[in-house]
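Here is a set of questions and answers for a reader who is meeting this structure for the first time. Each answer works step by step towards the name or value that was asked for.

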Amino acid sequence: MSMQSQTLSIKSLNLGVLDMVPLLPGNRPEQAVQRAGKLARQAEAWGDTRYWTSEHHDIEGLASSSPEVLLSHIGAVTNTIKLGAGAILLPHYSPVKVAEWFHLLAALYPGRIELGLGRAPGGGPHASMALSGNFLQHVAELPQKMEALLALLEGTYAYEQVPVFARPMPEQPPALWMLGTNRKSAEYAARYSTGYVFGQFMSEQQTVDMLNIYRSGFQPSKRMDKPCHGCCRGGMCLDE
């Protein structure tokens, strides 16, 4: 077949930034967070789709301990780029507080906020225990936390049969993603009908295997009726 008769299908990629807010040699945290804002503005100018920032605790060289705080600043210095956590480490936190953080961000920046959730500790064992106590126990409780968080985001949560709302309740709630590096995160994303981001750059698992687990197990809901996935490769998010 000649080159002239071949039909090539080239699919464009939606690029994004995953910012761990590194502390460069000789720099202070103040400089690192200012660079984060500059990076987000430049990504927006380049036409990138997303700016996500990670959550790490007591890790020398990183200034990304509170995505919910940094995203508030990033939103104020950008205009259109989507803003997300990659990820909020849900085992450490109350679902009510996570929903309040991201409802407020969604009210500040309508249609731009994405809530990525993770299962990792985000730091060493002593930092994790200092943050939230028994992390392994919290990981075991993740299904209950996920169900509570989903109910809070949908406005259907009740405590002791009394409705509780994670106010403010924005018109457009944050988009929900599950991040991970293994089978369990893919299964959670499928079970709870969230988007899925596979962290290939820090996993020994095969990308295709994890995405197939997600796709085959996906349970449609009002929140998301079909699988939506990305593959995180060194800060690049590939949409399906």
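Q: In which loop is the place of D58?

A: The model discussed here is a predicted one, and in it D58 has a phi near 55 degrees, a positive value in a residue other than glycine. Most residues other than glycine have a negative phi. As for its place, D58 belongs to the loop between β2 (50-53) and α2.

Q: Is D58 buried or exposed?

A: A residue counts as exposed when its relative accessible area is over 50%. For D58 the relative accessible area is 72%, and therefore D58 is exposed.

Q: Is S193, which has a positive phi although it is not a glycine, buried or exposed?

A: S193 has a phi of about 50 degrees, and its place is in the loop between α7 (183-191) and β8. The limit for a buried residue is a relative accessible area under 20%. Because S193 has a relative accessible area of 2%, this residue is buried.

Q: Which element gives the most residues to the lining of the largest pocket?

A: The largest pocket, with a volume of about 430 Å³, is lined by 23 residues, of which L89, A120, G180, T181 and M202 lie nearest its centre. The elements that give two or more residues to this lining are β3 (82-89), β7 (175-180) and β8 (195-198). With three residues, the element that gives the most is β3.

Q: How many residues in the lining of the largest pocket are charged?

A: Sorted by class, the lining of the largest pocket has 11 nonpolar and 10 polar residues. The charged residues in this lining number two.

Q: How many residues in the lining of the second largest pocket are nonpolar?

A: The second largest pocket holds about 210 Å³ of space and is lined by 13 residues, with P174, A175, L176, R223 and M224 nearest its centre. Both α6 (142-154) and β7 supply at least two residues of this lining. Two of the lining residues are polar and two are charged, while the number of nonpolar residues is nine.

Q: Why do the buried residues of α8 lie on the same side of the helix?

A: In helix α8 (residues 207-217), the buried residues are T207, M210, L211, I213 and Y214. An α-helix has 3.6 residues a turn, so residues three or four places apart point the same way. On the other side of α8, V208 and S216 are exposed.

Q: Which element supplies the largest share of the largest nonpolar core?

A: The largest nonpolar core has 58 residues, and those with the most contacts inside it are Y51, I88, F102, L115 and L117. Setting aside residues up to four places away in sequence, L117 touches A87, I88, L90, M146, L149, L176, W177, M178 and L179. The largest share of the core is eight residues, and the element they come from is α6.

Q: What is the relative accessible area of M146?

A: M146 is found in helix α6, and, leaving aside neighbours within four places in sequence, it is in contact with L90, L117, M178, Y192 and T194. M146 counts as buried, because its relative accessible area is 1%.

Notes:
Residues are numbered from 1 along each chain as its sequence is written. This is a predicted model: local features need pLDDT of at least 70, side-chain atom pairs count only at pLDDT 80 or more; totals for chains, interfaces and linings use all residues. Side-chain values use heavy atoms; hydrogens and water are left out. On a 1 Å grid over the protein atoms alone, a cavity is a set of points where a 1.4 Å probe fits but cannot get out, and a pocket is an open set with protein on both sides within 12 Å along at least five of seven lines; lining residues have an atom within 4 Å of a point. Grid points are joined across faces, edges and corners, and a volume is the space filled by probe spheres set on the points. Helices (H or I, at least four residues) and strands (E, at least two) are DSSP runs, numbered from the N terminus. Ala, Val, Leu, Ile, Met, Phe, Trp, Tyr, Cys and Pro count as nonpolar, Asp, Glu, Lys and Arg as charged, and the others, Gly among them, as polar. Buried means under 20% relative accessible area, exposed over 50%, partly exposed in between (1.4 Å probe, protein chains only). A nonpolar core is a set of buried Ala, Val, Leu, Ile, Met, Phe, Trp, Tyr and Cys residues joined through side-chain atoms within 4.5 Å. Contact means heavy atoms within 4.5 Å.
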